[in-house]
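Please look over the model shown here. The report that follows covers its ligand surroundings, its strands and its overall layout.

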Amino acid sequence: MVRPDGPRDPIAGPDTPQPPYPLKLRGPVIKGFGRGSKELGIPTANIPITGLNIGGHENLDSGIYYGFASLDKSTIAQNTSSTSVPSATSDTSPPTRSSNHAVIDLEPPSSTPSSAAPSRPLTPSHDSTGSHKTPRVYPTVLSIGYNPYYKNTHRSIEIHLLHTFDADFYGATLSLVILGFIRPEYDYVSKDALVEDIREDIRIARRSLERPAYEEWRGDSWLLGEFEGAGANEEPTRRMGGKEGGVGQKDGVGICQME
Ligand SMILES: Cc1cc2nc3c(=O)[nH]c(=O)nc-3n(C[C@H](O)[C@H](O)[C@H](O)COP(=O)(O)O)c2cc1C
Ligand SMILES: Nc1ncnc2c1ncn2[C@@H]1O[C@H](COP(=O)(O)OP(=O)(O)O)[C@@H](O)[C@H]1O
């Protein structure tokens with residue numbers, strides 16, 4: 001689809017998230033085509049597309065979405081190797097910009113129930129020393145689809161976190177709550193036109209997420225690392241349907257899930 005002419009709305013979506021949102025995903029950061037940083041100046045962290053194939057969401061429209069994301073960098077070490085990295089492409093050579101390269105089997109994801117309100121963690125997160133550690137949550141804009149400008153043959157999930165990082169984080173476990181849709185994917189007459197629209201997507205995502213009913217999802221337990229057993233003692237309005245017990249990590253490897 002070619003991009004239509006005309007101005008864009010400054011904010012996307014209604015004032016409160018509506019079904020099918022929130023959609024929740026989690027997965028290891030894998031390698032993409034390496035175009036985001038080098039060609040576009042906008043890095044995008046890829047996670048496996050497999051999360052979309054479960055829970056009846058395989059038909060989720062391709063397009064540009066916004067939400068919040070967090071990173072668990074503790075999985076980088078266990079998922080790294082100097083020889084290869086799981087990849088959305090056929091190229092598994094290590095990314096050149098980083099010494100951290102993920103080498104995990106990509107577990108098929110399992111489904112998880114839907115959620116009507118943000119779920120608060122029951123207990124604080126702790127690092128390996130036992131001290132309290134709350135993951136940072138980032139406003140996020142992402143693309144799900146075939147990147148028509150590049151004519152990809154595989155669908156991918158490409159996530160830009162609205163933050164400047166000092167280093168790559170391949171192998172980290174990325175947790176994502178998608179809260180709204182911005183637009184379909186388009187083909188473009190030039191790379192500059194694509195970059196200009198992505199930059200506008202970033203502004204739209206930031207503004208859209210600043211609305212109170214969206215902002216409160218920053219504190220959702222899915223993002224703060226509390227997924228095993230959470231929900232049991234929570235107030236009803238904060239429970240994710242009371243079915244969070246089966247959600248989590250498998251053998252230390254991040255799994256992708258979609259609500
Ligand atoms: C917010 C956002 C919007 C995007 N919109 C489009 C689009 O409309 N058309 C397109 O071909 N690619 C789009 N992309 C995908 C970029 O082309 C893609 O991130 C880039 O090719 C980098 O891919 P890589 O990480 O595999 O290297 C978008 C990416 C982001 C983050
Ligand atoms: N703000 C950011 N958002 C997403 N990824 C980032 C960001 N800053 C640095 N990165 C890193 O850059 C990588 C993406 O770079 P990119 O050039 O798009 O390569 P790839 O095609 O391998 O995804 C991510 O996997 C992550 O490690």
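## Around ligand 2

Of the 21 residues around ligand 2, Gly32, Gly36, Ser37, Pro43 and Asp168 come nearest. A residue counts as near a molecule or strand if its C-beta atom, placed from the backbone, lies within 6 Å of it. This is a predicted model, where local features need pLDDT of at least 70, side-chain atom pairs count only at pLDDT 80 or more, and totals for chains, interfaces and linings use all residues. Residues are numbered from 1 along each chain as its sequence is written, while chains are lettered from A and ligands numbered from 1 in the order in which they are written.

Helix H1, strand S2 (45–47) and strand S5 each supply at least two residues of this shell. H1 gives the largest share, four residues. Helices (H or I, at least four residues) and strands (E, at least two) are DSSP runs, numbered from the N terminus. By class, the shell around ligand 2 holds nine nonpolar, eight polar and four charged residues. Here Ala, Val, Leu, Ile, Met, Phe, Trp, Tyr, Cys and Pro count as nonpolar, Asp, Glu, Lys and Arg as charged, and the others, Gly among them, as polar.

## Around ligand 1

Ligand 1 is surrounded by 22 residues. The closest are Gly32, Phe33, Arg35, Ser143 and Tyr149. Two or more residues of this shell come from each of helix H1 (35–40), strand S4 (137–145), strand S5 (156–161) and helix H3 (191–209). The shell around ligand 1 splits into 10 nonpolar, eight polar and four charged residues.

Why is strand S6 (residues 173–183) largely enclosed by the rest of the structure? Nine of its 11 residues are buried. Buried means that 20 or more other C-beta atoms lie within 10 Å of the residue's own, with C-beta atoms placed from the backbone.

S6 pairs with strand S1 (residues 23–28) in an antiparallel arrangement, through six bridges. Two strands pair if DSSP finds at least two bridges between them. Leu25 has Leu176 in S6 as its bridge partner. Strand S3 (residues 63–72) also runs antiparallel to S6, over nine bridges. Asp72 stands opposite Thr173 in S6.

## The whole chain

The chain has five helices and six strands. From the N terminus on, their order is β-α-β-β-α-β-β-β-α-α-α. Of the 259 residues in the chain, 39% are buried.

Among contacts with a separation of 6 or more, 79% join residues 24 or more positions apart. Two residues are in contact if their C-beta atoms, placed from the backbone, lie within 7 Å.

Methods:
A residue is buried if 20 or more other C-beta atoms lie within 10 Å of its own, exposed if 12 or fewer, and partly exposed in between; C-beta atoms are placed from the backbone.
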